[in-house]
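Please look at the chain shown below and follow its backbone from one end to the other before reading on. The report then goes through its surface, its sheet, its aromatic rings and its charged pairs.

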Amino acid sequence: MIARQFGKSNEISIDRFCGERDARYELLAFADASARLYGCVIYLRCLKNNKISFWMAKNKLINQDLARKT
């Protein structure tokens, strides 16, 4: 049943190309933190055509038991 449904779904395409060799780029990073968690996200902006692409994200919950001991 799942295989039949999967065969009818739209094709998924993920670009693996990260950029052009002759273009210049900026890394845009945003971060925030609280007592319970922290996270950041990074984007790549092409200065040649001003295209912004998602690069990566990371978050982490802080163990409250360890936080109380320090």
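## Surface and overall make-up

How much accessible surface does the protein chain have, and what percentage of it belongs to carbon and sulfur atoms? The accessible surface of the protein chain comes to about 7000 Å², and 55% of this belongs to carbon and sulfur atoms; such areas come from the Shrake-Rupley method with a 1.4 Å probe, and for residues only the protein chains shown count as cover. The model is a predicted one, in which local features need pLDDT of at least 70 and side-chain atom pairs count only at pLDDT 80 or more, while totals for chains, interfaces and linings use all residues. Residues are numbered from 1 along each chain as its sequence is written, and side-chain values use heavy atoms, with hydrogens and water left out.

The protein chain has two helices and three strands, and from the N terminus on these elements follow the order α-β-β-β-α. Here helices (H or I, at least four residues) and strands (E, at least two) are DSSP runs, numbered from the N terminus. Of the 70 residues of the protein chain, 7% count as buried, where buried means under 20% relative accessible area, exposed means over 50%, and partly exposed lies in between (1.4 Å probe, protein chains only). Among the contacts in the protein chain with a separation of 6 or more, 22% are accounted for by residues 24 or more positions apart, a contact being heavy atoms within 4.5 Å.

## The sheet

In general, the strands of a sheet pair through backbone hydrogen bonds, either parallel or antiparallel. In this model, three strands form an open sheet in the order 1-2-3, and the pairing is antiparallel. The edge strands, each pairing on one side only, are strand 1 (25-33) and strand 3 (52-61). Neighbouring strands of this sheet are turned by 15° against each other on average, with direction ignored; the axes behind this angle are lines fitted to C-alpha atoms, for helices over the stretch in contact, and angles run from 0 to 180 degrees between N-to-C directions.

Strand 1 and strand 2 pair in the antiparallel sense over nine bridges, and they form a hairpin with three residues between them; two strands count as paired if DSSP finds at least two bridges between them. Within this pairing, Ala 33 stands opposite Tyr 38 in strand 2. Strand 2 (residues 37-46) and strand 3 also pair in the antiparallel sense over nine bridges, and Gly 39 has Asn 59 in strand 3 as its bridge partner. Of the nine residues of strand 1, the number buried is zero, so strand 1 lies largely in the open.

Leu 61 has its place in strand 3 and is exposed, with a relative accessible area of 65%. Leaving aside its neighbours within four places in sequence, Leu 61 is in contact with Arg 36 and Leu 37.

## Aromatic rings

How many aromatic pairs are there? The count comes to two, under the rule that rings of Phe, Tyr and Trp (its six-membered ring) pair if their centres lie within 6.5 Å, with planes under 30 degrees apart counted as stacked, over 60 as edge-to-face and the rest as tilted. The rings of Phe 30 and Tyr 43 have centres 6.3 Å apart and planes at 70°, so this pair is edge-to-face. It links distant parts of the chain, with Phe 30 in strand 1 and Tyr 43 in strand 2, 13 residues apart.

The rings of Tyr 43 and Phe 54 have centres 6.2 Å apart and planes at 75°, so this pair is edge-to-face; Tyr 43 in strand 2 and Phe 54 in strand 3 are eleven residues apart. Phe 30, Tyr 43 and Phe 54 form one aromatic cluster. Tyr 43 counts as partly exposed at 28% relative accessibility, whereas Phe 54, at 52%, counts as exposed.

## Salt bridges

The structure holds two salt bridges, each defined as a side-chain nitrogen of Lys or Arg within 4 Å of a carboxyl oxygen of Asp or Glu. In one of them, the side chains of Asp 22 and Lys 48 meet at 3.4 Å, N to O. Asp 22 lies in the loop between helix 1 (2-8) and strand 1, and Lys 48 in the loop between strand 2 and strand 3, so the pair ties together parts that are 26 residues apart in sequence. Asp 22 and Lys 48 are both exposed.

The side chains of Arg 45 and Glu 26 also meet in a salt bridge, at 2.7 Å, N to O. Because Arg 45 lies in strand 2 and Glu 26 in strand 1, this pair ties together parts that are 19 residues apart in sequence. Arg 45 counts as partly exposed at 22% relative accessibility, and Glu 26 counts as partly exposed at 32%.
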